[in-house]
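Here are my notes on the model you passed along. Have it open while you read.

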Amino acid sequence: MILIEDNRAPNPRRVRIFLAEKGIEVERRHIDIMAEEHKSEEMLSRNPFMRIPVLELDNGHCICEAMAICRYFEALHPEPPLFGRTPEELATTEMWQRRMELYLMHPIAHAFRHSNPKMAHLENPQFPDWGASNVPKIEFMLDYLDDQLAAREFIAGDSYTVADIDALCAIDFMRVARVQMKEEHANLKRWHEQVSARPSARA
């Protein structure tokens, strides 16, 4: 199998961190989003939505979307569990992973893609007002996470999960949207330093 990615983008990084936590090695192929290589006929045949990452299996079947790829590898290699074990852990992890994706990662992406002139050829048309309107949403989630992390070590509870992976990739991606954590985000900064120190964060 082969993982097709742009190694600068946050979504492929989510998968790389997941694989590193599992100790799984997968052949990788880099494509350049800025050069619009994800829009080639070859990529269109793999993913009609022209998004990465894409995991192409040995039988030619392609699995798209970062969390779907992670689910595939979790089923193959359940240890260590990154989606939880018990029904409550599974549901809670899913809840927080979705929150990180929908209410943090997506607003950061919108703020970046609609405000940076270099992204105009990929986000056409750009709506700068829409980009700016997402910044308060990001700031709200940072405040909310800081409050939540006062009571627990990780995003979804006492164990490191895919919710932490999503949150780390999103927060590290904030620099391109020119949003930063505040000085008063002590709990969030503690968490960020902790998860950034894991070897997988360098994947």
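1. Ground rules first. This is a predicted model, where local features need pLDDT of at least 70 and side-chain atom pairs count only at pLDDT 80 or more, while totals for chains, interfaces and linings use all residues. Residues are numbered from 1 along each chain as its sequence is written, and side-chain values use heavy atoms, with hydrogens and water left out.

2. The protein has 8 helices and 4 strands; these are DSSP runs numbered from the N terminus, with helices being H or I of at least four residues and strands E of at least two. Reading from the N terminus, the order is β-α-β-α-β-β-α-α-α-α-α-α. The radius of gyration is 17 Å, close to the 17 Å from the globule rule for 203 residues, so the protein is as compact as a globular protein of that length. (That radius is taken over C-alpha atoms, and the rule is 2.2 Å times the number of residues to the power 0.38.)

3. Contact means heavy atoms within 4.5 Å. Among contacts with a separation of 6 or more, 65% join residues 24 or more positions apart.

4. Have a look at helix H3 (residues 66-76). Its buried residues are Ala66, Met67, Ile69, Cys70, Phe73 and Glu74. They sit on the same side of H3, because they cover an arc of only 155 degrees around the axis, using the directions from the helix axis to the C-beta atoms. What do the buried residues of H3 pack against? Their partners are strands S1 (2-5), S3 (54-56) and S4 (62-64), plus helices H1 (10-22), H4 (87-113) and H7 (162-177).

5. Next, histidine 38, in the loop between strand S2 (27-30) and helix H2 (41-46). Is histidine 38 buried or exposed? It is buried, at a relative accessible area of 8%. Setting aside neighbours within four places in sequence, histidine 38 is in contact with Ile31, Asp32, Ile33, Met43, Met50 and Leu122.

6. Last, tryptophan 191, which belongs to helix H8 (residues 186-196). Tryptophan 191 is buried, with a relative accessible area of 0%. Not counting residues up to four places away in sequence, tryptophan 191 touches Leu149, Glu153, Phe154, Ile155, Asp164, Ala167, Leu168 and Ile171.

Note on methods: Buried < 20%, exposed > 50% of the residue type's maximum accessible area, 1.4 Å probe, protein only.
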